Structures are given as structure tokens and as C-alpha cells.
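Here are a few notes to read with the model open in your viewer. Keep in mind that this is a predicted model.

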Amino acid sequence: MRLTILFMLFTSLNFGQEKSIVFYNENGEKISKQKFIRTKDYGKNLDLYFENDTTQIGLLITRQKFGQLDKNTFEYLKSYLSELTDKPIDSTQNIVINYLTAYPKKDENKKSRSGWNVLNRDYLKKLHKIGNIIQFWIHSAECDNLEYHHQKSINWEEDEDNLLKKLFFPYEVRYGNYILIKPDGKFYYFLGEHSKYHIWENAEKFFK
């Protein structure tokens, strides 16, 4: 909750030089700049930066999280996904969601198409061998770069009500996130850059 409050207080911008800077760890606790730099570890966390009119903030967020959706929230999420995609979800299916964030933006790309291996054809083939899985491709409402992410072969659907953003992904990180959800509402997510091998490995562990 503390991290959510911090996020609401600050607007994402580049740092200026005239404002004071404060740093927070993954728990929303204020720490020194030296500890922030020392604690930063791309394998475990991501460093994000915000500012308002008077203050700049550096914030570490944990890349991986396990949690449990309550019954009402989980049923609403399944209904929302089914309406977006016209794909019904039965009570025995595990859910995998690839969530495409707004970054990188269209004007940042030098290639016409992404080489991200999650978009390869064999990704889904192996994923469905792991268990009874239904896959969703969802993108942030702010994403303007679907052509780069193989829009012609991947049926990306917009998170129209920002529901996934509100539930799981309030921070806009680069290269997307993914989430695994069991039929009982238990979930695991990973933030930021990842590969198909990362999803396969964690799906095998989580859905066993």
C-alpha cells in the first residue's frame, strides 16, 4: 500500500538538478542514495524515477511477486478477460497473461519488428504441454507500438479499463510483464524484460 501511495504522489518525468532527491526501497522505506545504488540489482528489482513540483524520487520495485486474488476479484478478472478476447475460461484452466507495457515507444525502435522470442511460434506450443493453460495477450492502453510486436500474428487486446494495471502493474516498466494464475486465484508475476524460457521454467514450477 505504501508503494501505491508513493506512486500516486509522483508523476513520471526526468530528473532535474534543482530539486531534492529521496530514495525508497521495495518496501517503501526511505533509504540513502548509497544504499539505493548498492541494493539495486536488475535480477531482483527495477529502479524507477518520478518527480513532482518540489521533489524527485528513486524507487526500487521487486520484479517477482506471489499473491492470492480473492474470489470476487478473480471472478471479475476472468469475466473481464473473456469479454475482451471472446475466450471463455473454465474453472480448471491455468491462466498465462503476457502484458505489453507502453515502453519502448514507437519512435524508440530502430527495427521494424521485434526479435523477442516470446513471440515465436514454439512459445505457445511448449506452454500448452506444461498444463491446462489458456493464454492471453494484453497490452497497456498507452502502448503505441503493436506493429513492432507482431500485431499481424499476435492478437493483442487492449486493457481497456486498466484492470490489469490496477491489480498488478501500476508501474510502466520496459518490455512488458507476465503473470501466471492458478484456478484457485493464486498468482505469480514477473516485471520487465524476460524470455520464453523464463515463462516456461516458472510455469512448470508454478502450475505443477
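1. Start with strand 6 (residues 94–100) and strand 7 (residues 133–139), which pair in the parallel sense over 7 bridges.

2. Helix 4 lies across strand 6 and strand 7, and its direction makes about 135° with strand 7. Helix 6 also packs on the sheet, where it touches strand 5, strand 6, strand 9 (177–181) and strand 10 (186–191). Relative to strand 9, helix 6 runs at about 20°.

3. Zooming out to the whole sheet: it is an open one of 6 strands, ordered 5-10-9-6-7-8, with mixed pairing. Which strands stand at the edges? Strand 5 (64–68) and strand 8 (157–158) do; each has a single partner strand, so one side of each has no neighbour in the sheet.

4. Back to the helices. Helix 4 (residues 121–130) packs against helix 6 (residues 196–206) at an angle of about 5°, and their axes are 10 Å apart. Angles under 35 degrees count as roughly parallel, so helix 4 is roughly parallel to helix 6.

5. Which residues make that contact? From helix 4 come D122, Y123, K126, L127 and I130, and they meet K196, I199, W200, A203 and E204 of helix 6. Sorted by class, the contact of helix 4 with helix 6 has 6 nonpolar and 4 charged residues, with no polar ones.

Note on methods
Residues are numbered from 1 along each chain as its sequence is written. This is a predicted model: local features need pLDDT of at least 70, side-chain atom pairs count only at pLDDT 80 or more; totals for chains, interfaces and linings use all residues. Side-chain values use heavy atoms; hydrogens and water are left out. Axes are lines fitted to C-alpha atoms, for helices over the stretch in contact, and angles run from 0 to 180 degrees between N-to-C directions. Helices (H or I, at least four residues) and strands (E, at least two) are DSSP runs, numbered from the N terminus. Angles under 35 degrees count as roughly parallel, over 145 as roughly antiparallel, 65 to 115 as roughly perpendicular and the rest as oblique. Contact means heavy atoms within 4.5 Å. Ala, Val, Leu, Ile, Met, Phe, Trp, Tyr, Cys and Pro count as nonpolar, Asp, Glu, Lys and Arg as charged, and the others, Gly among them, as polar. Two strands pair if DSSP finds at least two bridges between them.
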